[in-house]
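Please look over the following structure with its charged side chains and helix packing in mind. The briefing below is grouped by topic.

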Amino acid sequence: MGSTGGEWQHLAGDSEAEEDETTLPELETAVDARSKWRNNVGFWLLGLCNNFAYVVMLSAAHDILSHQKVPGGNGTGPIPPSIPPENSSNVSRYDCNAISTGAVLLADILPTLLIKFSAPFCIHWFPYGLRVTICVISALGSFLLVAFSTGPVQSLTGVVLASISSGLGEITFLALTSFFDSAVVSAWSSGTGGAGLFGALSYLGLTQAGLSPQHTLLSMIVVPIIMLGSYFILLVPPPQHPPRPVHTGDPFTAHEPLLGGTALNKSRRYELSLAAKGQVVRGLLKYLFPLAVVYFAEYFINQGLFELLYFRNAPLTHPQQYRWYQMLYQAGVFLSRSSASCVRIRRIWVLAMLQCLNMVFLLAAVYFMFLPSIYLVFLLILYEGLLGGAGYVNTFHCVSEESQQEHREFAMGVACVADTLGISVSGAVAIPVHNYFCHLP
């Protein structure tokens with residue numbers, strides 16, 4: 001009988017052990033699912049916050065250049081009687097600003113281009129936490145400088161800060177995705193599309209509701225704070241790699257707050273030679289060149305033609321029409337960037353061809369003025385956004401899936417140069433095109 005009790009205890013112990021063994025995987029699965037959810041939400045918010053200031057500056061480009069002073073705090077009310085109802089620089093059939101909105105685009109993209117060209121070769125020396133902090137400070141400074149601007153130089157300086165924040169953030173967070181599950185690439189892409197939609201929609205909505213452009217910009221300083229919390233609080237660090245010796249000569253090693261040195265260790269483990277990096281870049285050209293063309297065409301439309309697609313008989317003023325164009329474009333981008341889990345496109349050159357046809361059609365529409373209604377333009381702009389967003393998210397999915405593990409972090413950083421290069425060229429081309437049209441009789 002005594003042995004029976006011992007056997008019972010032994011069996012009970014085995015039963016508890018078996019229960020623990022069956023419970024542990026379930027617990028790990030639940031924890032893993034929760035971590036994936038937090039990381040997906042975190043990267044979605046990081047994409048949203050990273051591109052928010054950049055999008056708002058483009059949505060406000062017409063207001064920044066015209067220095068529209070609105071009575072009674074209404075962001076869409078009539079311009080005071082002392083100022084002509086149309087831009088004083090208008091000498092043709094188009095209602096033009098003295099400076100093309102392409103100038104704002106260049107201020108918003110050239111610093112990003114410089115960062116993206118140089119960063120893949122040296123940014124791994126700086127910890128992610130430091131980079132994110134710089135992004136947050138730059139975005140805050142951008143909103144404050146433009147909101148309290150007293151002249152175009154101060155305004156464009158604020159736009160430059162938005163560009164620094166966006167460019168450094170994009171290359172940082174895209175590289176960071178290489179340490180997480182591949183699903184975060186879709187979350188990031190969807191978030192950047194959401195930044196376009198919510199950034200343009202919030203600027204349009206708040207000014208329509210009666211806020212001045214200045215108060216609208218000041219209300220948006222909460223966005224960089226959300227970015228800070230998303231990175232330092234929401235993201236779950238990936239599993240630690242085996243410890244590696246710490247090089248005391250690296251002053252940044254002790255300051256890696258999120259990854260606990262994982263990113264730094266991993267980048268050292270996969271240190272690439274200059275020749276290897278060149279080989280990776282050559283392998284990416286089949287995706288990067290079409291993406292650059294997609295972005296050249298769409299931003300030429302956005303910053304070169306939007307301002308000139310002005311319908312005098314429409315129920316919206318010129319600034320309101322421009323804001324609606326930006327919002328609808330960003331809505332299309334958001335929809336297509338969020339569709340990667342449903343639709344995959346590997347032939348990015350098809351999207352480039354369709355976007356170029358769209359650009360040529362709208363350029364002809366500006367010159368010959370044959371479009372009868374602004375609502376037709378609304379549809380074309382929504383279609384333009386769909387093409388642009390599809391080009392972005394499918395390019396990065398292809399790069400992520402086809403890159404070897406040791407090349408992926410570098411490849412993701414290099415890939416984001418393509419869209420910036422296309423945007424930069426479009427901004428440079430948009431300015432003389434704007435000047436040409438605005439001097440037509």
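Aspartate 32 counts as partly exposed at 40% relative accessibility, where buried means under 20% relative accessible area, exposed over 50% and partly exposed in between, computed with a 1.4 Å probe on protein chains only. This is a predicted model, in which local features need pLDDT of at least 70 and side-chain atom pairs count only at pLDDT 80 or more, while totals for chains, interfaces and linings use all residues. Residues are numbered from 1 along each chain as its sequence is written, and side-chain values use heavy atoms, with hydrogens and water left out.

- The side chain of aspartate 32 meets that of lysine 36 in a salt bridge with an N to O distance of 3.8 Å, the term being used for a side-chain nitrogen of Lys or Arg within 4 Å of a carboxyl oxygen of Asp or Glu.
- Both residues belong to helix H1 (residues 2-59), where they sit four residues apart, about one turn of the helix; helices are DSSP runs (H or I, at least four residues) numbered from the N terminus.
- Lysine 36 is partly exposed as well, at 39% relative accessibility.

- A search of the whole structure finds six salt bridges, and Lys286, Arg344, Arg346, Glu401 and Glu402 are linked in a network of them.
- Arginine 344 forms a salt bridge with glutamate 401, with the closest N and O atoms 2.7 Å apart.
- This pair links arginine 344, in the loop between helix H11 (318-337) and H12, to glutamate 401 in helix H13, 57 residues apart.
- Glutamate 402 and arginine 346 meet through their side chains in a salt bridge of 2.4 Å, N to O.
- Because glutamate 402 lies in helix H13 and arginine 346 in the loop between H11 and H12, the pair ties together parts that are 56 residues apart in sequence.

**Packing of H6 and H13**
- The axes of helix H6 (residues 183-208) and H13 come within 10 Å and cross at roughly 160°, the axes being lines fitted to C-alpha atoms over the stretch in contact, with angles from 0 to 180 degrees between N-to-C directions.
- The two helices are therefore roughly antiparallel to each other, a term for angles over 145 degrees.

**Backbone at methionine 369**
- Methionine 369 has a positive phi of about 50° although it is not a glycine, and is found in the loop between helix H12 (348-368) and helix H13 (374-402).
- Methionine 369 is partly exposed, with a relative accessible area of 44%.

Definitions and conventions
Angles under 35 degrees count as roughly parallel, over 145 as roughly antiparallel, 65 to 115 as roughly perpendicular and the rest as oblique.
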